[in-house]
Amino acid sequence: MAENPSHSNIDIESTESSWSNLRYQSGFGNNFSSEAKPGALPGDQNNPLLCPYGLYAEQISGTPFTAPRRLNQRSWLYRIKPSVTHEPFHPRSPPHHRLVGDFNTSTSSTTPTQLRWKPADAPDSPTDFVDGLYSVCGAGSSFLRHGFAIHMYTANKSMDGAFCNADGDFLIVPQEGRLWITTECGKLQVSPGEIIVLPQGFRFSINLPDGPSRGYVAEIFGTHFQLPDLGPIGANGLAGERDFLSPIAWFEDRIHPGYTIVQKFGGELFTAKQDFSPFNVVAWHGNYVPYKFDLNKFCPFNTVLIDHGDPSINTVLTAPTDKPGVALLDFVIFPPRWLVAEHTFRPPYYHRNCMSEFMGLIYGQYEAKADGFLPGGASLHSCMTPHGPDTKTYEATIAHGEDAGPSRIRGTMAFMFESSLIPRVCQWSLESPHLDPDYYQCWIGLKSHFSCNETDAPIKGNSVLRV
Ligand SMILES: [Fe+2]
């Protein structure tokens, strides 16, 4: 720190401190109440003739009014001016050419090839979260309220206005750089290693205190994330309800001529002007709220004797379809943990999956890939496309033989967006300079260990198939 800090330094420090020390409300799916001024929440009803402090009452519905009660999500916002107070929407100029909300033959392609991308570079010109966001792949349609999109972002500039996604919920996985996110419900700081869900329709603005920033976004159309059922695991484990954090009410009463709201609607961007900050909600209550989660608080379960748990054991959040056990999109992580299985191939097994798997790496090294899969990079293994550990990982694992003792995976956090829908891939992602054309090479070296002579087999005992 400078000996005689300037006023701007003091401002930076106080801003840093205020974001790092934000208070939150704890719990997944709770009905929260929060007021930034005492008495701002109407006590006896949602929509009184006159609200405290002269506020406007406004409901935001995240499910149809008549959705079953256990699924119903809505919040009541009490604000200085209602969000309807703006000029008409117009297509944003310039348009955004790399966002897709309807995946079809005119917007995307399909391929069963294993795809892997190297990390994207920071933008070389000022780029905020909205301009730096680009679709990679997806399925379905935001118009039909069924499907998903997977985006990535690289940005280096804080947003001037507010963004509103009318198409679906964003699950943001920052990989580099913290996000200071102001929402209508309050503020959240989200660091790499944490995730945030910004539900459909909320207005938010993202500042980038660390400069160049990068990350992943899963967007789901027509449903919301839930915690997975735990089945025989019992009442505890995986992501715990109390580790999900929602903001407390925060508002600014700020006249701001020309304030711009950017709305994503059907994958296209529209803008509208208003003369005040949209972050003018003095109090709110309800269960439709942004929330964040620290992935390091995940309580992993896995095998303690033989074989390999399916990756579903590490599901943090799931967005269901109407079919039991079939996800529109699962968010699964591969966190630090102990590996202790005996006479078992411990890395992820080779497989083909009726689900499609998009993977990212937040930090460290992924256990199935010795190299080539880098933090900030991504891979896509679509429906029934074979994949698994690369040659180096396979050979190193076999070389350990039966003597491998307990080992701890440290300092890594990989994740997967897994969907029952088959993703189509955006053309710019297939033509990206970051696409690794040699990805397939990581498996080409896998050699046959087969021997008709049992005594020549590299592994003896009950691991050898007897013919
Ligand atoms: Fe897989």
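In which loop does His308 lie? In this predicted model, His308 is found in the loop between β20 (291–294) and β21 (315–320).

View 1. The UniProt annotation "active site", from an unreviewed entry, covers His308. With 16 other C-beta atoms within 10 Å, His308 counts as partly exposed. A residue is called buried if 20 or more other C-beta atoms lie within 10 Å of its own, and exposed if 12 or fewer. Neighbours within four places in sequence are left aside in the contact list of His308, which holds Thr303, Thr344, Arg346, Pro348 and Tyr349.

**View 2. The open sheet of seven strands.** The order of the strands is β5-β18-β17-β9-β14-β11-β12, and the pairing is mixed. At the edges are β5 (90–91) and β12, each of which pairs on one side only. Strand β5 is joined to β18 (residues 268–276) by two bridges in the antiparallel sense. His90 has Thr271 in β18 as its bridge partner.

**View 3. Strand β11 and its two partners.** Strand β11 covers residues 179–183. On one side, β11 pairs with β12 (residues 186–190) in the antiparallel sense, over five bridges. A hairpin of two residues links β11 to β12, and Leu179 stands opposite Val190 in β12. Strand β11 also runs antiparallel to β14 (residues 203–207), with four bridges between them. Here Thr183 has Phe204 of β14 as its bridge partner.

**View 4. The two faces of β11.** In a regular strand the side chains alternate between the two faces of the sheet. Leu179, Ile181 and Thr183 are on one side of β11, while Trp180 and Thr182 are on the other.

**View 5. The largest nonpolar core.** This core has 98 residues, of which Tyr78, Phe148, Leu171 and Phe415 touch the most other members. Strand β22 (residues 327–334) gives the most to the core, with seven residues. Domain 1 (7–294) and domain 2 (296–448) both contribute residues, so the core lies between them.

**View 6. The contacts of Phe148.** Phe148 is one of the core residues that touch the most other members. Apart from neighbours within four places in sequence, its contacts include Gly138, Ala139, Gly140, Ala218, Glu219, Ile220 and Phe221. Leu328, Leu329, Ser419 and Leu421 are also in contact with Phe148.

Terms used. Residues are numbered from 1 along each chain as its sequence is written. This is a predicted model: local features need pLDDT of at least 70, side-chain atom pairs count only at pLDDT 80 or more; totals for chains, interfaces and linings use all residues. UniProt positions are given in the numbering used here, feature names are shortened, and annotations may be inferred rather than shown by experiment. Two residues are in contact if their C-beta atoms, placed from the backbone, lie within 7 Å. Two strands pair if DSSP finds at least two bridges between them. A nonpolar core is a set of buried Ala, Val, Leu, Ile, Met, Phe, Trp, Tyr and Cys residues joined through C-beta atoms within 7 Å. Domain bounds come from an automatic or database domain assignment.
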